Amino acid sequence: MRISRRSLLKGAVAAGAATAVVGRAEAREKKEVEAEAVGMLYDSTLCIGCRACMTKCKEANSLPYDRSADGLYDQPNDLNGNTKNVIKVLTAEGGQTAFMKQQCMHCVDPSCVSVCMMGALHKEGEGTRHHEGEKKGSGIVLYDKGTCVGCRYCQLACPYLVPKFEWTAAFPLIVKCELCRHRANPKKAGPLAVANPACCEACPREAVVYGKRSELLAEAKRRLAAEPQKYNGHVYGEQEGGGTQVLYLAAKGVEFKQLGLPELPEESQAYFSEHVSHMPYLNGITPIALYAAAAFVVRRNKKKEEAEHHEEGK
Amino acid sequence: MSGHDHPRAIRGNLFDPLMKICLGLFVLAVLVMAYRFYAGVGPVSAMSDGYAWGIWEPVNVVVFTGIGAGAYSTGLLCYLLNKGKYHPLVRPAVLLGAIAYSLAGSSIIIALGRYWNVYWLFLPGVWNLGSVLLEVAACVMTYVMVLWIEVLPSVLEGAADSKYPFWSKIGKKWGPALEKAMPFFIAAAMILPTMHQSSLGGLMLIAGPKLYPLWHTALLPTLALISCLSMGYGAVVLLTNILKYTWKAQADQRLFADLSKVNGGLLFLFVVVRLIDLAVHGKLQYLGVFDFHLFFFVLETALFLVPAFMFFSKKVQRNRGLTFGAALLSVLAGALWRVDAYLTAFNGGDGFEYFPSLGETTVTVGMAAIGVAVFLFVARLFPVVVVEDARDHSHVGAGRVQAAAGR
Amino acid sequence: MSELGTKGVSRRDFLKVATLAAGAVGLPAWAGEKMAEKAASSAKPPVIWLHFQECTGCSESLLRTSAPDVAELILGLISLDYHETLMVPSGYQAEKSLEESMERNAGKYVLVVEGAIPTKEDGIYCRVGGKTALETLKKVSAKAGAIVSIGSCASWGGIPSADPNPTGAVGVNKIVTDKPVVNIPGCPANPYNLLGTVLQFATFGTLPALDDLGRPKFAYARTIHEDCPRRPHFDAGRFAQKYGDDGHKAGYCLYKLGCKGPATHANCSLNHFVETPGAWPIGIGSPCYGCTEQKLGFRMPLHATVDVERPTAPGVYLPIRPDHSVVTPAAVGVAGLVVGGLVGAGYVASKKMASDSEKNEQGKE
């Protein structure tokens, strides 16, 4: 017993030394907003709840209309397997109404991308699988149904409850806004060459607008500075959860969490999760070292057993 | 080879009433599964966009593999720390593990929405290494194979003893060859569960905003690892005692008592680590909020502490039934913690609520049933269980039996 | 009544007309009878109608009513003592009619004003018969029993008051401040709004309930948007993007083209014009430009969009957290049974083993 413990210790020390020599590898870096990132700015104070964006989204994405339980056409009651964009209303006690547009936030460091096993959810041009025609830089979170296994981890991970699943389909998809990348016009200059969200095109008040995230953020701040009595003083999405590419403004007296946007710390959950789970691995050194140590010890023990066995006779 | 302490095939009626019940339950589950493949996951389950995993992940995968961690925990004791006395426990534990993990894997296939794409898992090129679930999937897949390889010695031994020369030739040839390679598989069987059992806890790291603070912590992987070892020890005690009462398996109470001390230590460790973590992060205030989360937290802690104390009590150590009861509590503790971390402490979104549907419960129960059925099948046909010889007394001598239990 | 008799109108016909008139302006059916009575009693309320900075459009629109038509109105229901467009006399005779009516009916006559009143340079920008509008209004309003401003011009200044308002045109209620002034804005105002008000006063001596801008609530309480026939298109997000495009041809909502309906109080969407269904701006594909509203009409650009004043039917919108519950008692029961069964079996087994164990120990000892 003492011998094997010593061997074990020896093995472990060797493994530890190896890992120390390799050095402290930072398990994961914090993601920054890409320079050419595109997104949307939704100003709840301008929205009139006309829902043109909902209709146009269905049309642009060839989504079927929702039906009630008895098969009649009905409006969706939330984002779902047929609906990538909804308008919701907040009716505060004082009678104040505020509208809220809900769709994918296209986070800077998305939880869904972090958890997707085979990279079906990925930021444009990034990820483990090569996707035709995608160019890195826009930061749009796209979905590749060819790699998706439908594990629904993304649904669990997303703090905004965005990805939805086709529960009643035999060949279900995960459904979420992809910023209408398929409507991009490569002939146009600027962000429209990358994507062209139908909702932004449809909005009669320009309550939701599309553009480069950096420009939209500047515009949002300009609006806050120009009319501080109109807004609640904060641009949602600038920092929350690592930042989102879809930004929100709300009226004074309306808090974002009343609109359903959760209070999130600045550190993205993706960073937290990957950092904690990867730290022990040290880029793969630890399992290999431990395996080597374990194999060494087990073999030693086995040999010892056999030796004892022979001694005892039989 | 040694005599009375060696596993042997149980034989007997393969289709006894228990087997029939198990197969019946499984058939019900298969019907539900068939409907799932036809109509989608939604109609057979209560899963929704807020609770996308239902119980098929937390229970069928996480709890079952926790129970199957008996292979891991006894393997560590027996092979790594060279405590050979635990050897008789190993084969049943390994079989239990192999079955539990296979059930987990098959449950995943049922639960996956786009299961046909699972072949990508075999192409490391597309692996998103940031995903904890990927780590779980790849690791579990590998580990299932390793576990069944660990079951092979029983199978090959059984083949070697077979009447049919075809099988006995195979058994005699490949048995020893496998013996030589075993250490490498055994070592893998230690590293792989360390990785994925902790990752099973780590799956919920990303759900921070949605997980109640008493459960969400950076130590989720650590806690998962500690509790899986504990569950494994508990499961082995339960299993072997059940085998004793059904098949007169060798079930040395002294062995269980010693094993359970390790278990007890782990149970205490779990509670201590958890409480310190809560204190360090200023979350002890949540213990003052009287809601149903607190109820589950208290229940969990009780389920961890009661068996821990029991295991260290001399009275319990002498008493098979009390040890059995404590072991059951320790398995329930780990199971409850997992179910809480995935379901009760998880807020999928206001407006969403979840309780397992009949379809989900049927499949879970059916999967457990087929697991039992497979165990019965393998144990009857191959030497897995060490059966108590009629000559042996049921009392335990201090160390003599253990010392001889080298093979 | 006798006059009508000579025209060949029977009492019954008159009753019908009066009831129709009452109905058209939202008064209950029995009011029609009262009107007929009043008319029969020959105590027809006198009405003096002044015109200032106006286009006479409101009078023109009054001519296009049929329930009652103008003839029945001025011959049977009211006594229109002074109306520069409709009256027979002109010149001195006209002025004399005005003076006489004012004297004869002091405190009883209804003063209807059409057109804005310029105030710059002592109001010289509008002089009728040598007198400024300002003077005339002050004089005539002093002895009026009720004052009604017909049209946006009289209500708040209308077109003449559009930037830069060189004449200083204002509405009647800026000049007459000591008496209640009923505003009936619109360009032109819906004639039935006037008729309803006048007939109510004529019959009951009361004025309809007014909002904070002096407008009768029966006509101006709701916005165009709330009763617009194209509202379903708005709600479904179907908008005309350009004049003549497919959406426009299909009759989609005109909000994107600058329809001020959501912020404009009026009943045009219910009572269309010239008594022809569909004969109103939105009905013919022109966005409402808010002619009744001082902040919008002739002020806000035609194609600029407005805030929706009262986003209506919030019940139809989704709440921030919709309800998704789906738990059945049977599922709860079965799951409970399974868990309970396992725990129970474990407990029983444990007890049995415990007692066996103790027995064995006792046996050994």
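This dialogue reads a few features of a predicted model.

Reader: What ground rules apply to the model and its numbering?

Author: Local features need pLDDT of at least 70, side-chain atom pairs count only at pLDDT 80 or more, and totals for chains, interfaces and linings use all residues. Residues are numbered from 1 along each chain as its sequence is written, chains are lettered from A and ligands numbered from 1 in the order in which they are written, and side-chain values use heavy atoms without hydrogens or water.

Reader: How much area do chain A and chain C bury between them?

Author: Buried area is the accessible area (1.4 Å probe) that two parts lose on being put together, summed over both. Here the value is about 2,100 Å², with 56% of it on carbon and sulfur atoms. Contact means heavy atoms within 4.5 Å. Chain A gives 27 residues to the contact and chain C gives 22 residues.

Reader: Which residues form the salt bridge between chain A and chain C?

Author: A salt bridge puts a side-chain nitrogen of Lys or Arg within 4 Å of a carboxyl oxygen of Asp or Glu. The count here is 1 salt bridge. A:R205 pairs with C:D307, and the closest N and O atoms are 2.9 Å apart.

Reader: Which elements of chain A supply at least two residues each to the side that touches chain C?

Author: Helices (H or I, at least four residues) and strands (E, at least two) are DSSP runs, numbered from the N terminus. The elements are α2 (52-60), β2 (86-91), β3 (97-102) and α5 (198-202). β2(A) gives the largest share, 5 residues.

Reader: What is chain C built from?

Author: Chain C has 14 helices and 10 strands. Buried means under 20% relative accessible area, exposed over 50%, partly exposed in between (1.4 Å probe, protein chains only). Of the 365 residues of chain C, 48% are buried. Among its contacts with a separation of 6 or more, 72% join residues 24 or more positions apart.

Reader: Now chain B. Is helix α4 mostly covered or uncovered?

Author: Helix α4 (residues 70-80) of chain B is mostly covered, with 11 of its 11 residues buried. They include B:Y72, B:L76 and B:Y79. Just after α4(B), B:N82 takes a positive phi of about 60°.

Reader: Where does B:L31 lie, and is B:L31 buried or exposed?

Author: B:L31 lies in helix α1 (residues 17-39) of chain B. B:L31 is exposed, with a relative accessible area of 55%.
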